[in-house]
Amino acid sequence: MDATPAVRLDGVSKQFGDSYAVRDVNLDIEAGEFFSLLGPSGCGKTTSLRMIGGFTDPTAGSVLLAGEDVTDLPPNRRNVNTVFQSYALFDHLSVADNVAFGLRRKGVGKDEIGERVGEMLELVQLDGHALRKPGTLSGGQRQRVALARALVNRPAVLLLDEPLAALDLKLRRQMQVELKQIQREVGITFVFVTHDQDEALTMSDRLAVMSEGRVEQCGTPEDVYEHPASRFVASFMGTSNLVDGVYRDGKVVLEQGPALPVGRREGVGDGSSVSVSVRPEKIWLSDFEPGMSVLRGVIRETVYSGATTTYLIEVAPGVTLSALEQNTARARMEDRWNGGETVEFGWRPEHCLLLD
Ligand SMILES: Nc1ncnc2c1ncn2[C@@H]1O[C@H](COP(=O)(O)OP(=O)(O)OP(=O)(O)O)[C@@H](O)[C@H]1O
Ligand SMILES: [Mg+2]
C-alpha cells in the first residue's frame, strides 16, 4: 500500500481578523479513503475543505497532496475536484454536456469525451437522462450530475461540501448508500463535509470531529462513537447520558444519588471531579449479568418510536438517564415500563466512560 497520504494538513490555521476559523489542524487522509469532516455549524469544515482545494489560503501551516506541498498552488493546479452544496449546474446545457464541460475545456478529444461521459452517466445511473436539462431532474438526480461532472476529471481527491443537505431524509439515506458504492467503485479519495453524525458514521472509513476550528478526535466511526475522547465528542456523536460526579474507588458518586460503577481508571485520583458518559443502548433493564452492579430509578417517561422504546429514568433528583430498548420480535408490548414505576438498571463497567 502507498504510505504517502493523499492529503496532509500540517499545522494548518486560518484566521479572519482576530478570530480563528481553523486552528492548528493536523490530519493525514489516506489514498482511497472515504474521510469525513464532521462538526456543528461554524466549526471550520468548509474553510478546511477550501484550503485543501486551494480556494482559501491558510494563514499558517501547509497543505500537501500526495506528498507535494501545494500551499501556494491555485485550485486548477491541484489534482482535486469539488462538489459544492449548490450543485452549480449549467441549466442551459444537457446532462451530458454538463458532465463533458471540464473535459472540453481541457481539449480532450471528442471520442474520448463521449466514452468517458457515457461511463460516468452509467456509474451514477443517469444513462437514460443524457439529453435532459438539469431543470427537469429531481434533487437526487441533479446531485448525481454534479458528482459525475466532478468524477469525470478523474481527480486524485474529491472534496464534497454537504452534497446531500438539500435532499429529503429518505432520498438522502438512499444517496448515502449510492455515494459510498460509487466511491468504492472508482477508488478515489473522498473528503466529505457533513454536520450529520449518522451520515458520517455510516459513510466514512475514518472521520475527524471538529469543534471551534480544532480537530477534537480523529478515528474510525467505531473509535469515535465507542471511545469519545472528550465531553464534546460524546455529546455530539449520537445520544449520550452525561453526568457529573466525584470519582471514588471505581465509581462515580453523584451529589444526591447513587454511585455509578465505571471500573477503575489509571491516572484518576479519588476525589477528582469527573464527567461520565453512558450510551442509552448500553443500559440493561433486565436479565443482568452476574457481577453487574444493579441500580434503581423511577421511570419518568416512555417514548415509543417504532423499532425502539426510550425510557427516561430518574436516578437522583434532577438526574435522568435515557435507556433504549429494541422492540425485537421477542419483546412484548405489555412488558414495557410505565411512568412512575421503579426499575432496576445496570451496565458493564467498561460501557460507562470517564471523560475530562
Ligand atoms: N470569509 C470569511 N470572513 C470572515 N469569517 C469567516 C469567513 N469564512 C468563514 N468565516 C468564519 O469562520 C468560521 C468557520 O466557518 P466555516 O464556513 O468553515 O464553518 P462550517 O463548519 O463549514 O459551518 P456550516 O456547517 O455552517 O457550513 C465561522 O465562524 C465563520 O463565520
Ligand atoms: Mg460549511
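Biologist: What makes the approach of ligand 1 to Gly 42 a polar contact?

Modeller: In this predicted model, an oxygen atom of ligand 1 is 2.7 Å from a polar backbone atom of Gly 42. The cut-off for a pair of N or O atoms is 3.5 Å, so 2.7 Å qualifies as a polar contact.

Biologist: Which side chains have an N or O atom placed like that, at 2.8 Å or 2.6 Å from an oxygen atom of ligand 1?

Modeller: The side chain of Thr 46 has an N or O atom 2.8 Å from a ligand oxygen, and for the side chain of Thr 47 the distance is 2.6 Å. On its own, ligand 1 has 640 Å² of accessible area, of which the protein covers 54%.

Biologist: Which residues are around ligand 1?

Modeller: Among them are Phe 16, Ala 21, Pro 40, Lys 45 and Glu 162.

Biologist: How much space lies in the largest pocket, and which residues are closest to its centre?

Modeller: The largest pocket holds about 760 Å³ of space. It is lined by 24 residues, and Val 80, Asn 81, Thr 82, Arg 105 and Asn 153 are the closest to its centre. Two or more lining residues come from each of β6 (80–83), α2 (95–105) and α4 (139–151). Strand β6 gives the most, with four residues. By class, the lining has twelve nonpolar, seven polar and five charged residues.

Biologist: What lines the second largest pocket?

Modeller: The second largest pocket has a volume of about 500 Å³. Of its 22 lining residues, Ser 286, Glu 325, Gln 326, Thr 328 and Ala 331 lie nearest the centre. Strands β16 (308–316) and β17 (319–326) each supply at least two, and β17 has the largest share, three residues. The lining comprises nine nonpolar, six polar and seven charged residues.

Biologist: Why are Phe 34 and Phe 190 called a tilted pair?

Modeller: The structure holds five aromatic pairs. For Phe 34 and Phe 190 the ring centres are 5.6 Å apart, and 6.5 Å is the limit, so the rings pair. Their planes stand at 40°; under 30 degrees would be stacked and over 60 edge-to-face, so this pair is tilted.

Biologist: What does the pair tie together?

Modeller: Phe 34 lies in strand β3 (residues 34–38) and Phe 190 in strand β8 (residues 189–194), so the pair ties together parts that are 156 residues apart in sequence.

Methods. Residues are numbered from 1 along each chain as its sequence is written. Chains are lettered from A and ligands numbered from 1 in the order in which they are written. This is a predicted model: local features need pLDDT of at least 70, side-chain atom pairs count only at pLDDT 80 or more; totals for chains, interfaces and linings use all residues. Side-chain values use heavy atoms; hydrogens and water are left out. A residue is near a molecule or strand if one of its heavy atoms lies within 4 Å of it. A polar contact is a pair of N or O atoms within 3.5 Å; within protein, one must be able to donate a hydrogen and the other to accept it, and residues adjacent in sequence count only if both atoms are side-chain atoms. Accessible areas come from the Shrake-Rupley method with a 1.4 Å probe; for residues, only the protein chains shown count as cover. On a 1 Å grid over the protein atoms alone, a cavity is a set of points where a 1.4 Å probe fits but cannot get out, and a pocket is an open set with protein on both sides within 12 Å along at least five of seven lines; lining residues have an atom within 4 Å of a point. Grid points are joined across faces, edges and corners, and a volume is the space filled by probe spheres set on the points. Ala, Val, Leu, Ile, Met, Phe, Trp, Tyr, Cys and Pro count as nonpolar, Asp, Glu, Lys and Arg as charged, and the others, Gly among them, as polar. Rings of Phe, Tyr and Trp (its six-membered ring) pair if their centres lie within 6.5 Å; planes under 30 degrees apart count as stacked, over 60 as edge-to-face and the rest as tilted.
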